[in-house]
Structures are given as structure tokens and as C-alpha cells.
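Here's a quick briefing on side-chain pairings, charges and rings in the structure below. Have a look at it alongside the notes that follow.

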Amino acid sequence: MEINHGLLANECGKQLTLQVMKSARGYYIGTSEDGMPFSRESAEYYSMQSEASDALRDGSWTQRESP
């Protein structure tokens with residue numbers, strides 16, 4: 001089953017599309033609202049944007065269970 005929306009964001013009542021995000025720690029899979037980060041959905045951080053994009057595309061990332 002392909003996940004298109006953030007589960008943690010959904011717990012806050014938001015249906016936000018998953019995307020590759022960047023922070024000081026690296027790239028991660030998360031959501032944003034109004035151009036601002038909303039939730040970090042992946043347990044992993046990636047050193048390269050392409051690694052995070054590949055993980056999002058093929059589903060090889062781990063969903064965080066809590067914020």
C-alpha cells in the first residue's frame with residue numbers, strides 16, 4: 001500500500017502530501033503547510049536529497065510512530 005499523506009500530520013487533523021524536506025540534520029520525508037515544515041514522518045535522515053527521493057518513491061523509509 002502506497003502512503004501519499006503524512007500519518008503524523010493526519011493525527012493532527014491535516015491531510016498533507018509527503019515530500020522530501022531539508023533540515024540541519026539532512027533530508028527527510030515529511031510534510032509542510034503554507035511553506036513551513038509541519039511533520040517529520042520518516043525515522044531516517046538522508047545525507048543526499050536523491051536518497052530521500054528514492055526512499056519516498058520506493059517506500060523504503062520507516063514511518064515514525066510519534067512526533
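D54 is partly exposed at 33% relative accessibility, where partly exposed covers the range between buried (under 20% relative accessible area) and exposed (over 50%), using a 1.4 Å probe and protein chains only. This is a predicted model, so local features need pLDDT of at least 70 and side-chain atom pairs count only at pLDDT 80 or more, while totals for chains, interfaces and linings use all residues. Residues are numbered from 1 along each chain as its sequence is written, and side-chain values use heavy atoms, with hydrogens and water left out.

**Salt bridges**

- The whole structure has 2 salt bridges, a salt bridge being a side-chain nitrogen of Lys or Arg within 4 Å of a carboxyl oxygen of Asp or Glu.
- D54 pairs up with R57, and their closest N and O atoms are 3.0 Å apart.
- Both D54 and R57 sit in helix α2, 3 residues apart, or about one turn of the helix; helices (H or I, at least four residues) and strands (E, at least two) are DSSP runs, numbered from the N terminus.
- R57 is exposed, at 63% relative accessible area.
- K14 and E33 make a salt bridge too, with 3.0 Å between the closest N and O atoms.
- E33 is in strand β2 and K14 is in the loop between α1 (7-11) and β1 (19-23), so this pair ties together parts that are 19 residues apart in sequence.
- Both partners are partly exposed: E33 has a relative accessible area of 25%, and K14 has 30%.

**A charge without a partner**

- R64, in the segment after α2, is buried but has no salt bridge.
- For R64, the nearest side chain of opposite charge is E41, 7.7 Å away; here Lys and Arg count as positive and Asp and Glu as negative, with His and the chain ends not counted.
- Leaving aside residues up to four places away in sequence, R64 touches L8, R40, E41, S42 and A43, with contact meaning heavy atoms within 4.5 Å.

**Rings**

- There is 1 aromatic pair, counting rings of Phe, Tyr and Trp (its six-membered ring) whose centres lie within 6.5 Å, with planes under 30 degrees apart called stacked, over 60 edge-to-face and the rest tilted.
- Y28 and Y45 have ring centres 5.9 Å apart and planes at 75 degrees, so they're edge-to-face.
- Y28 is in strand β2 (residues 26-33) and Y45 is in the loop between β3 (36-40) and α2 (49-58), so the pair ties together parts 17 residues apart in sequence.
- Y28 is buried at 6% relative accessibility, whereas Y45 is partly exposed at 28%.
- K22 lies over the face of Y27, 5.1 Å from the ring centre; that call needs NZ of Lys or CZ of Arg within 6 Å of the ring centre and within 35 degrees of the ring normal.
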